[in-house]
Amino acid sequence: MTYATAPDGTLIAYQLQGEGAPLVLLAGQANDHHWWDAVRADFHPARSTLTLDYRGTGDSDKPDTPHSTELFARDVIAVLDELGIDRADVYGTSMGGRVAQQLAARHPHRVGALVLGCTSPGGPHSVERGSDVRRALARPQPGAARQALLELMYTPRWLADHPGPHHTLGDPGMPAHSRRHHLAASDRHNAWDLLPGISAPTLVVHGTADLLNPAANAPLLAGRIPGARLHLIPDARHAYFEEFRTHAGPLVLDFLTTASHRP
């Protein structure tokens with residue numbers, strides 16, 4: 001296992017695969033790098049992929065201290081520094097998209113092109129999930145909340161053909177304190193005032209049937225970031241990047257290729 005050391009001494013595990021210009025892939029809340037297992041090879045014909053285990057997940061340290069999306073972004077910078085990567089393209093989904101916003105806004109010289117998937121700006125300007133979704137995710141019956149999350153991630157037809165394992169449901173090895181810190185970090189995220197300062201070419205991607213992070217957040221992001229492109233995937237739910245990989249993967253690669261040739 002390979003590690004970078006964050007400024008506060010926390011060890012951050014990272015994984016670099018493939019060859020070519022690096023693409024940083026950032027996972028959702030309470031997930032480690034396995035979030036990307038099903039699709040990361042789709043990028044390898046053109047890119048190497050760099051993932052990390054957020055603090056609190058996977059093989060990274062799990063300090064019982066407050067987390068934030070800004071702190072997660074500094075952890076990404078520590079990994080880039082460890083590898084001697086001055087600048088990389090970044091693709092963040094769900095909470096990873098919130099971390100990516102912090103990266104692009106606060107460390108603009110380190111981010112080439114930016115892809116924000118199934119995410120939101122956070123704060124009072126974002127569109128929150130409905131109360132019915134929150135209740136479903138809080139069901140006390142064994143397995144009920146997990147099933148609700150599965151159905152928010154994928155369509156019934158896809159689930160019928162793909163019984164699992166599903167790597168987007170959270171890192172099962174996380175301690176309880178890390179889960180609390182991840183939830184608080186995502187809930188406290190508010191990049192609204194930072195978004196107009198993002199200078200990286202940006203693509204915003206979202207599934208139209210996403211109820212976990214409502215699709216109405218996508219045009220908010222695209223309208224707030226100068227020059228951002230918006231692409232909605234019809235009928236896709238939260239894990240569009242996996243279920244609709246044959247659409248989403250080429251879309252992202254084409255955008256990154258086009259962005260890299262911009263003057």
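Me: How far apart are the mean positions of the positive and negative charges of the protein chain?

Reply: In this kind of count, Lys and Arg are taken as positive and Asp and Glu as negative, while His and the chain ends are not counted, and each charge is placed at NZ of Lys, CZ of Arg, CG of Asp or CD of Glu. In the protein chain, the mean positions of the 23 positive and 27 negative charges lie 5 Å apart. The model is a predicted one, in which local features need pLDDT of at least 70 and side-chain atom pairs count only at pLDDT 80 or more, whereas totals for chains, interfaces and linings use all residues. Residues are numbered from 1 along each chain as its sequence is written, and side-chain values use heavy atoms, with hydrogens and water left out.

Me: Why does the radius of gyration of the protein chain agree with that of a compact globule?

Reply: The radius is taken over C-alpha atoms, and the globule rule is 2.2 Å times the number of residues to the power 0.38. With 263 residues the rule gives a value near 18 Å, and the protein chain has 17 Å, which agrees. Along its principal axes, the C-alpha trace spans about 50 × 40 × 35 Å.

Me: What share of the residues of the protein chain count as buried?

Reply: Buried means under 20% relative accessible area, exposed means over 50%, and partly exposed lies in between, with a 1.4 Å probe and protein chains only. By that reading, 55% of the 263 residues count as buried.

Me: How should I read helix 2, and which elements do its buried residues pack against?

Reply: Helices (H or I, at least four residues) and strands (E, at least two) are DSSP runs numbered from the N terminus, and the protein chain has nine helices and eight strands. The expected span of a helix is 1.5 Å times one less than its number of residues. For helix 2 (residues 95-106), the 12 residues should span 16 Å, and the end C-alpha atoms are 17 Å apart, which agrees. Of those 12 residues, 11 are buried, including Met95, Arg98 and Leu103. The buried residues pack against strand 3 (22-26), helix 1 (69-83), strand 5 (88-93), strand 6 (111-117), helix 6 (176-188) and helix 7 (217-224).

Me: Where is threonine 93, and is serine 94 buried or exposed?

Reply: Threonine 93 belongs to strand 5 and is counted as buried, at 0% relative accessibility. Contact means heavy atoms within 4.5 Å, and, leaving aside neighbours within four places in sequence, threonine 93 touches residues including Trp35, Trp36, Cys118 and Tyr240. Serine 94 sits in the loop between strand 5 and helix 2; at 14% relative accessibility serine 94 counts as buried, and it has a positive phi of about 55 degrees although it is not a glycine.

Me: What is the phi of cysteine 118?

Reply: Cysteine 118 has a positive phi of about 45 degrees, although it is not a glycine. Cysteine 118 lies in the loop between strand 6 and helix 3, and at 0% relative accessibility it counts as buried.

Me: Is proline 124 buried or exposed, and which peptide bond is cis?

Reply: Proline 124, in the loop between strand 6 and helix 3 (131-137), is exposed, with a relative accessible area of 71%. The peptide bond from glycine 164 to proline 165 is cis, with omega near 5 degrees, and proline 165 is found in the loop between helix 5 (156-161) and helix 6.
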